[in-house]
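Look at the sequence and the model together. We will go from a group of rings to a sheet, one step at a time.

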Amino acid sequence: MKADDMHVSGAPHEAPATEAVLDSLLEHVLHLDSGMRILWANTAACASAGMAREDLRGQRCHEIWAGSPLPCGDCPVVRAIRTGQPHDVEKTTPDGRAWYIRGYPLRDDAGRIRGGVEITLEITQRRQAELAVREKEERLRLALEAANEGLWDFDPQTREVFYSPRWFTMLGYEPDAFPQVYETWLELLHPEDRAVAEERVWEHIQRRESFNLVFRMRAAGGDYRWILAKGDVMSCNAGGDTRRLVGTHVDITDLKRAQEERQALVHELEEKNAELERFLYAASHDLKTPLVTIEGFLGLLENDLDAGDPTRRREDMRIIHEATERMKRLLDEVIELSRAGRVIDPRAGISLREVATEAVAQVAGPLRARGVAVSIAPDLPIAYCDRVRLLEVFQNLVENAVKYMGDQADPRIEIGIRESAGGPVITVRDNGIGIEPRYQLKIFDLFDQLDPTQEGTGLGLALVKRIVTVHGGRVWVESEGPGRGATFCFTLGAPPEAPDAPGGGEPGDTGPDPPASA
Ligand code: ADP
């Protein structure tokens, strides 16, 4: 076949300048006639075939590139010639190389298809690069799914934000539950944290700093979770003026809770320590007083024995005896107080009416001696507390009520109950000497006696306070002042298992909420 027979009129390869351009390409370019014979091949195609251009001319393309990436039927030039439309394909050869092949139909001046052009480019490297990028993306996706942190990526110019699926699920939402915009973040912030958090974010963008922020965000259930947000400002153009903020969200609610519990425990321990210090100071001071008395009167006794004065000797011995009695009482109450910190069996439901009745019976002697009338309300509730300790509370309060009755002609003690917003309040009311408002907190302190000449140790109300506090309740006193009687009030903590717990009787008068307790 003569070269001229294969020539397609007007084919571009005839212009030397065009040939030079085609020769400069990395792609293999073949000009084929409609029988797939090579009319012209550029330098890259010749190099690929390992043949000179003249030798390729007239050869059938698929014979030269036997084992080429495409079976002939699939060849895009064959399809371009058949359909009159350009076609392209990407194929991988068995040796793992990847190719892009484009077939283009060529027409003569009359518009008849006379052949085609095949352009082939090896894209193995591009494919490998794409694969590497895809692998990286997949790894990133897996890492995001596995990570506990939610990821966000904020563009301050458009105010668009990418929120990772974990960002949503961390707060209990479905992934993509909200639009991926800045306003979504703002809207979910706790109203009290919003202004500060927003200000800080924009500040960091301005200063191009990384940041750590802690705030609360609304979860799907409506509750707020503590979130730690860490972020960094990134420049995304050469000028460095377009900035993005990229970072993570971590739910630190449990950590916060643990911190708060620890702080509360530390606070409680500090309070206990301070109380112990006060206690030790007061105890050593008060225990010393009878000792000093004993020591002093032992000296006097010695003198009086030498002088042979039986009256004074008896008096000395009486005072020494009283001092030892007082010391014994003090020691007993100190031991009692130390025991009161330990609770016992709060689950047993006990009738407060029974306990109050028993306490009154134990104080029967002083009550009778003073002629005090006692009434106990029939509707005292069942309480979930330690019976022995509650008995001590009532006993101390009733004993005090008798002790501080003064010269009341019609002495009365009423043990009752009233309802308040904080639950039932148990009251022990007397019509005795009363207490000035300024002493109403102080009397619950250790060894505090308003009248040190009175018999007593100043430990009774400290013990009451300790027992009530250990039960989760509060104690306080109400008195309109001297001569107006006193009402000691206390609550007990919530029962361990609620609903059928302390059954109150008829609701009494609804008193005010307890004031700051002792
Ligand atoms: P004590 O009775 O051993 O002195 P408490 O701790 O029981 O110690 O009481 C502390 C102080 O509170 C008493 O010294 C007394 O001044 C005052 N007080 C306690 N109960 C009453 C009461 N019902 N009426 C008036 N004052 C009281």
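**Rings and strands**

One aromatic cluster is formed by Phe 154, Tyr 182, Trp 185, Trp 202 and Phe 215. Keep in mind that this is a predicted model.

Now widen the view. The whole structure holds 12 aromatic pairs. Take Phe 154 and Trp 202: their ring centres are 5.8 Å apart and their planes meet at 85 degrees, so the pair is edge-to-face. Phe 154 has 3% relative accessibility, so it counts as buried. Trp 202, at 24%, is partly exposed.

Phe 394 and Phe 490 also make an edge-to-face pair, with 5.7 Å between centres and 70 degrees between planes. Phe 394 belongs to helix α15 and Phe 490 to strand β17, so the pair ties together parts 96 residues apart in sequence. Both Phe 394 and Phe 490 are buried.

Next comes a sheet. Strands of a sheet pair through backbone hydrogen bonds, parallel or antiparallel. Here five strands form an open sheet in the order β12-β14-β15-β17-β16, with mixed pairing. β12 and β16 stand at the edges with a single partner strand each, so one side of each has no neighbour in the sheet. From one strand to the next, the twist averages 20 degrees.

Strands β15 and β17 pair in the antiparallel sense over five bridges. Thr 427 stands opposite Cys 489 of β17. Helix α13 packs on the sheet, where it touches β12, β14 and β15.

Methods:
Residues are numbered from 1 along each chain as its sequence is written. This is a predicted model: local features need pLDDT of at least 70, side-chain atom pairs count only at pLDDT 80 or more; totals for chains, interfaces and linings use all residues. Side-chain values use heavy atoms; hydrogens and water are left out. Two strands pair if DSSP finds at least two bridges between them. Helices (H or I, at least four residues) and strands (E, at least two) are DSSP runs, numbered from the N terminus. Axes are lines fitted to C-alpha atoms, for helices over the stretch in contact, and angles run from 0 to 180 degrees between N-to-C directions. Contact means heavy atoms within 4.5 Å. Rings of Phe, Tyr and Trp (its six-membered ring) pair if their centres lie within 6.5 Å; planes under 30 degrees apart count as stacked, over 60 as edge-to-face and the rest as tilted. Buried means under 20% relative accessible area, exposed over 50%, partly exposed in between (1.4 Å probe, protein chains only).
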